[in-house]
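Please open the structure in your viewer and keep the selection tool at hand. The stops below say what to select next and what is there.

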Amino acid sequence: MIRKLKFIDLFAGLGGFHFALKELGHECVLASEIQLELRKLYAINHPDLKLDRIIGDIHKDIKTEEIPEFDILCAGFPCQPFSQAGKRMGVEDKRGNLFNEIIQILQFRKPKFLLLENVPHLSTHNNKRTMNRMKKELNSLGYEI
């Protein structure tokens, strides 16, 4: 029998990670999505999550220490800072710095598992320096990439 794990869903969009992990029997304890329309759709798609656990801006709407205990951090951070869908400004774009939020949460809560969305062109952004920095930071926290 698989143990029921708790997860958070950051930069959640419509909740793809939520669909998959719920299907496996796990429980979402917090979701974050900055776009109001997507938060509304998230609530419709995932009525099992209480509305007060679907927050907006991860910078403003919750403090790291207020995030409930969890086992899996899921993050679908925006692709625009890294892909051709945007200006490829990387960490120069505010959305490109959301990885720092992930690191802060990982440092505080130390979950067992981490799932990050495969963002187009992230692996080659800035001559691979962006990905190498991310790998280095995650490895320093004990996560194998």
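Select Lys22 to begin: with a relative accessibility of 42%, this residue counts as partly exposed, a class that lies between buried (under 20% relative accessible area) and exposed (over 50%), as computed with a 1.4 Å probe on protein chains only. The model is a predicted one, in which local features need pLDDT of at least 70 and side-chain atom pairs count only at pLDDT 80 or more, while totals for chains, interfaces and linings use all residues. Residues are numbered from 1 along each chain as its sequence is written, and side-chain values use heavy atoms, with hydrogens and water left out.

The side chains of Lys22 and Asp48 form a salt bridge at 3.6 Å, N to O, where the term stands for a side-chain nitrogen of Lys or Arg within 4 Å of a carboxyl oxygen of Asp or Glu. Lys22 belongs to helix H1 (residues 16-23) and Asp48 to the loop between helix H2 (36-45) and S3, so this pair ties together parts that are 26 residues apart in sequence. Helices (H or I, at least four residues) and strands (E, at least two) are DSSP runs, numbered from the N terminus.

By the same rule the model holds 6 salt bridges, and a further one to select is that of Asp71 with Arg3, at 3.5 Å, N to O. Asp71 sits in the loop between strand S3 (54-55) and strand S4 (72-75), whereas Arg3 sits in the segment before strand S1 (6-10), and the two are 68 residues apart. Asp71 is buried, with a relative accessible area of 11%.

Which residues meet in the salt bridge of 2.6 Å, N to O? They are Arg109 and Glu69, the former in helix H3 (residues 98-109) and the latter in the loop between S3 and S4, 40 residues apart. Within this pair Arg109 counts as buried at 17% relative accessibility, whereas Glu69 is exposed at 52%. If you then select Arg3, Asp71 and Lys112 together, you have one network, joined by salt bridges that share partners.

Stay with the loop between S3 and S4 and select Thr64, which has its place there and counts as buried at 12% relative accessibility. Setting aside neighbours within four places in sequence, Thr64 is in contact (heavy atoms within 4.5 Å) with Gln104, Ile105, Phe108 and Arg109.

Next, show the strands. In what order do the 5 strands of the open sheet stand? The order is S3-S2-S1-S4-S5, with parallel pairing, and two strands are taken to pair if DSSP finds at least two bridges between them. S3 and strand S5 (113-116) are the edge strands, each of which pairs on one side only.

Between S1 and S2, which run parallel, there are 5 bridges, and Asp9 has Ala31 in S2 as its bridge partner. S1, H1 and S2 together make a right-handed β-α-β unit, and the chain then crosses from S2 through H2 to S3 in a β-α-β crossover that is likewise right-handed. A crossover is called right-handed if, with the strands pointing away from the viewer, the path from the first strand over the helix to the second runs clockwise.

Strand S2 (residues 27-32) is joined to S3 by 2 bridges, again in parallel, and Ser32 stands opposite Ile55 in S3. S2 is mostly covered, since 5 of its 6 residues are buried.

Finally, turn to the nonpolar cores, each a set of buried Ala, Val, Leu, Ile, Met, Phe, Trp, Tyr and Cys residues joined through side-chain atoms within 4.5 Å. The largest has 25 residues, of which Ile8, Leu10, Ile58, Leu73, Ile102, Ile105 and Leu106 touch the most other members. S1, S2, S4, H3 and helix H4 (129-140) are the elements that give two or more residues to this core, and its largest share, 6 residues, comes from H3. Select Leu10 and, leaving aside neighbours within four places in sequence, you will find it in contact with residues including Ser32, Ile58, Leu73, Ile102 and Ile105. Another core lies apart, with 12 residues, among them Cys28, Ala43, Leu49 and Cys74.
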